[in-house]
Amino acid sequence: MLKIEGLSKSFGGVAATNDVSLHFPKGSLTAVIGPNGAGKTTFFNLITGAFKPDRGRILLDGDDIAGLSPPEIVRRGIGRAFQIARIFPTLTVRQAVLGAVHAHRNQHRIIAKRFPMSGSGDRAEQVIALAGLTAKADTLSRNLSHGDQKLLDIALALVLEPRVLLLDEPTAGMGPEERWAMIDTVHRMWELERMTLIFIEHDMSIVFKIAQSVRVLSYGRVLAEGTPDEIRRHPEVIKAYLGDEFEASQA
Amino acid sequence: MMRSSLLRDSLIAIAVFAVLALLPFVVQGKGFTDFMVRLAAFGIFATSLNLLVGYAGMESFGHGLFFGLGCYSFGLIMQTFPVSIPVAFLATVALSIVVGTVVGAICVRLNEIYFAFVTLAFQMLLHSLIIAWTPITGGDQGLTGGIPRPPFLGIRLDDYYHLYLFSTGLLVASLLAMYHIVQSPFGYTLRMIRDNAARAPFLGINVFRVRLMAYVIAGAFGAIGGMIMSLFVSGAFPDFAYWTISGEAIFMIMLGGITVFLGPMVGAVMLLLLNDFVTKMTSHYGLVLGIVILLFALGLRKGLMDFAADLWRDRQTASGPRPDTAAKAVTSAPARAGE
């Protein structure tokens with residue numbers, strides 16, 4: 001499905017991503033973890049075209065998409081939500097999702113018709129419902145709570161019917177209860193939409209609970225990969241990332 | 001609220017035009033029709049600038065490029081070739097689209113202040129060209145000798161009532177067209193880019209292409225404003241391509257507001273009235289205008305129509321019987337250039 005081969009990217013002298021090779025099977029649910037500065041977000045930026053890789057290949061179903069622009073990569077089926085929700089503050093939830101539906105259907109440059117185009121409403125309502133935002137559909141995006149803004153960000157990515165969805169810390173900045181609600185929603189989306197989901201997460205309890213497999217990045221390299229159980233016991237990972245605190249909490 | 005449709009808006013536009021057509025029989029005198037012809041030119045021009053500033057978040061300082069281009073292109077074509085007014089009109093729109101595409105391809109990749117100043121640079125390039133190319137443009141004397149106005153379709157633009165009808169007709173039609181554009185899927189894509197140009201590409205939107213389209217469309221309407229001006233003064237002058245003309249359009253949208261579609265129209269009325277009254281009373285026009293603009297910028301911190309829209313929204317909230325409906329009134333209300 002999504003296969004990364006020898007991906008590298010340096011900023012100045014710093015190798016943010018250093019010869020990373022990873023494989024994400026179709027329909028898998030994978031967590032990417034690693035200490036701050038491990039290159040997780042850079043890794044997402046490379047896959048989605050925000051940065052151009054220095055070296056390496058990004059194969060989506062066999063096609064190399066490395067070096068394409070973000071819109072081109074989106075149209076190939078890789079969607080993305082951001083660590084800090086990137087939304088459209090002056091649009092309502094419904095308008096924003098409808099706008100994304102038009103963009104996905106390549107109707108976003110149409111001038112002759114009125115917004116929204118007929119036939120776009122059903123898809124928008126479906127995605128809004130999937131994100132659990134139906135009651136807030138007429139709310140201006142900027143007036144949403146932090147958690148709802150993150151859900152909207154994910155909903156915008158979902159509109160594109162991505163084959164691969166990348167979520168950068170979907171629970172960042174949320175309280176404990178909100179976190180689990182978010183993760184439940186994400187998990188439900190993954191089950192319903194049958195996509196390959198890759199998410200960056202710092203909360204180990206979430207990672208170990210829902211991820212099928214885990215990839216650990218450290219200093220731009222792949223430190224370890226495996227099932228949550230394998231990662232939990234991986235000596236390198238414990239040393240480099242989870243540290244004494246984690247061992248203590250497991251005791 | 002009734003859903004806005006092209007049919008409904010067209011009917012409103014026809015009704016407005018009918019009223020405008022009858023107005024000169026009520027308000028006598030050439031002063032009124034003259035005012036309205038100038039208002040048509042500047043109203044279209046300012047509204048087209050607001051397509052960029054208010055809807056797309058592209059703060060152009062050089063929109064006068066198209067006003068000047070429209071003036072000179074139309075005037076020169078009419079003086080040089082034995083063509084009818086509609087032909088010169090369409091040729092000028094076509095030329096502005098070509099120029100808009102070339103200039104836009106260079107400018108719209110730039111952000112904010114860089115975009116503002118490079119658009120301004122291109123406008124000053126046109127101005128320098130007009131001043132320097134005396135044999136064609138008349139240099140700093142402008143395009144003199146009058147612009148021929150052969151009658152077409154029974155319209156005789158020598159007649160001031162005909163010119164009034166022609167100009168206000170173009171004004172209403174242009175406003176209708178631009179309103180339709182901002183209500184189209186393209187119009188909402190503009191709002192998305194204005195709100196978050198970094199997010200849009202990850203929804204598959206090619207920001208460059210959409211911005212370029214917006215720039216070209218706004219330029220074409222800006223040129224229509226210039227053509228009306230050229231008919232009004234029966235010539236073309238370098239001032240119409242000078243940076244101050246862009247400044248006037250910016251003042252208009254500042255005074256009238258950028259969040260309401262008709263804000264720039266209101267601003268155009270205000271600035272033209274200010275201009276006419278203040279210049280009659282004092283020679284310190286710039287001083288008075290500066291004070292008025294400062295009052296708006298520092299006092300209201302927004303244009304008149306923005307202020308009115310916010311006030312209306314607050315009243316809706318205050319009079320809401322239940323908290324939940326009140327909340328809905330706030331949240332469903334359009335924000336910046338919403339509806």
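## Sheet of chain A

Strand 9 (residues 213-218) of chain A runs antiparallel to strand 10 of chain A, and five bridges join the two; strands here are DSSP runs of E with at least two residues, helices are runs of H or I with at least four, both numbered from the N terminus, and two strands pair if DSSP finds at least two bridges between them. Within this pairing, Val216(A) stands opposite Ala224(A) in strand 10 of chain A. This is a predicted model, in which local features need pLDDT of at least 70 and side-chain atom pairs count only at pLDDT 80 or more, whereas totals for chains, interfaces and linings use all residues. Residues are numbered from 1 along each chain as its sequence is written, and chains are lettered from A and ligands numbered from 1 in the order in which they are written.

The sheet of chain A is open and mixed, with six strands in the order 6-7-8-3-9-10. Because strand 6 (78-81) and strand 10 (221-226) of chain A each have a single partner strand, they stand at the edges, and one side of each is left without a neighbour in the sheet. From one strand to the next the twist averages 20 degrees. Helix 5 (residues 146-159) of chain A lies across strand 6 and strand 7 (164-168) of chain A, and runs at about 170 degrees to strand 6 of chain A, where axes are lines fitted to C-alpha atoms, for helices over the stretch in contact, and angles run from 0 to 180 degrees between N-to-C directions.

## Strands 1, 4 and 5 of chain A

Strand 1 (residues 2-11) and strand 4 (residues 55-60) of chain A pair in the antiparallel sense over five bridges, with Lys3(A) opposite Leu59(A) in strand 4 of chain A. Strand 4 of chain A also pairs in the antiparallel sense with strand 5 (residues 63-64) of chain A, over two bridges, and Leu60(A) stands opposite Asp63(A) in strand 5 of chain A. Strands 4 and 5 of chain A form a hairpin with two residues between them, and Asp61(A) in the turn has a positive phi of about 50 degrees.

## Phe61 of chain B

Phe61(B) lies in the loop between helix 2 (30-56) and helix 3 (64-80) of chain B. Phe61(B) is buried, because 20 other C-beta atoms lie within 10 Å (buried means 20 or more such atoms, exposed 12 or fewer, and partly exposed in between, with C-beta atoms placed from the backbone). Residues in contact with Phe61(B), not counting those up to four places away in sequence, include Phe117(B) and Ser246(B); contact requires C-beta atoms, placed from the backbone, within 7 Å.

Conventions:
Contact = placed C-beta atoms within 7 Å.
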